[in-house]
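Hi,

Here is the structure I promised to pass on. Have a look at it first, and then read my notes below.

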Amino acid sequence: MENNFIFNSITSKLLLLPFVLLLSISSQAQDTSSDLDLTDIHSFLTDTTAESKLEKPENKAIFIGFGLANISPEINEDNYSDGLVGIKTLGINPALSNTFRLENRINILGRKANSSFHVGIGLQLVINYFVFKNDIVIENADTLTMFHGRPFEVKSTKLRIGYIGVPLTISYIKKKFNGDVGFHASIGGYVDYKIFSKTRLRLYGKKILTEKNNYNLEKLQYGATVSLGYGPVTLFGTYALSPMFDPAKGPKEAVIYTFGVKFGAPFN
């Protein structure tokens, strides 16, 4: 498409070449000291910068991201408001816990071609997948979320939580000479709503049990985001400012944070 654009541009200028030559000859006839500048004619034929600058930037983008997820601080009996004792410490395996995100964003401010700052808003799907270090079982009571050990039966326990939400970002974008996106950075926030949560227990003997439950997880999550990238590759980080669980029924201080890489172009 770019080659067709340049070809059409050069073709249109070839049609104007006789007029350029005529004006140059006329100018030479009026002033014999003036020489025909072939360099200017070559620049006239090959320069497409002006046309490309007139093009409007892309004002929407889709990103797909992958990374690691974790919970801070470590969940244990000290996190509970009622002083519950005997609960097993809930350690997260940071190497196996992960996050997946899909973002669809539009540009609402900074829509001009020469704008460096942009404000974007959109929709996102986020799935956080936590793998526990300890062989634990999560039980959901009306008044309390319980984490207790059953090491002789449970080989591994995983918790998966899905959210749909709205991200809002302020971005700085440095475009390259050809108009492509170069360096870019952004800060912002998000509001997510929980759409599902379930556990997956792998028992000894290769038996797998799954259970869907709310586990007293907070339905609404909000937090801060930051990103840094070049072209279609972006490093991102998120940190929740809201508790992961209902503070009256679960760990009162536990929050989710993630970091990873996402891909998508253009970045607006």
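Which residues are linked in a network of salt bridges? They are Arg101, Glu103, Arg105 and Lys262. Before I go through them, a word on the source: this is a predicted model, where local features need pLDDT of at least 70, side-chain atom pairs count only at pLDDT 80 or more, and totals for chains, interfaces and linings use all residues. Residues are numbered from 1 along each chain as its sequence is written, and side-chain values use heavy atoms, with hydrogens and water left out.

**The salt bridges**

A salt bridge here is a side-chain nitrogen of Lys or Arg within 4 Å of a carboxyl oxygen of Asp or Glu, and the count comes to three. Glu103 pairs with Arg105 at 2.1 Å, N to O. Arg101 also bridges to Glu103, with the closest N and O atoms 3.0 Å apart, and for Lys262 and Glu103 that distance is 3.3 Å. This last pair ties together parts that are 159 residues apart in sequence, because Lys262 lies in strand 11 (residues 255-263) and Glu103 in strand 2 (residues 98-109). Strands (E, at least two residues) and helices (H or I, at least four) are DSSP runs, numbered from the N terminus.

Are these side chains buried or exposed? Arg101 counts as buried because its relative accessibility is 5%, and Glu103 does too, at 3%. Arg105 is buried as well, and so is Lys262. (Buried means under 20% relative accessible area, exposed over 50%, partly exposed in between, with a 1.4 Å probe and protein chains only.)

**The overall layout**

Of its 268 residues, 37% count as buried. Contact means heavy atoms within 4.5 Å; among contacts with a separation of 6 or more, 70% are between residues 24 or more positions apart.

**Aromatic pairs**

Rings of Phe, Tyr and Trp (its six-membered ring) pair if their centres lie within 6.5 Å; planes under 30 degrees apart count as stacked, over 60 as edge-to-face and the rest as tilted. The whole structure has four such pairs. One of them is Phe66 with Phe100, a tilted pair at 5.7 Å centre to centre and 55° between the planes. It links strand 1 (residues 60-72) to strand 2, with the two residues 34 apart. Phe66 is partly exposed at 41% relative accessibility, as is Phe100 at 26%. Elsewhere, ring pairs link Phe117, Tyr172 and Phe183 into a cluster.

**A nonpolar patch**

On the surface, Ile164, Val191, Tyr193, Ile195, Leu220, Tyr222, Tyr239 and Leu241 form a nonpolar patch with about 770 Å² of accessible area together. (Patches are made of residues with over 30% relative accessible area and no salt bridge: like charges are joined within 9 Å, nonpolar side chains, meaning Val, Leu, Ile, Met, Phe, Trp and Tyr, within 5 Å. Areas come from the Shrake-Rupley method with a 1.4 Å probe, and for residues only the protein chains shown count as cover.) Strand 7 (181-203) gives the largest share, three residues.

**Confidence**

The average pLDDT, the predictor's confidence in each residue from 0 to 100, is 76 for the chain, and 65% of the residues score at least 70. Residues 32-36 stay under 50, and residues 49-54 are also below 50.

Cheers
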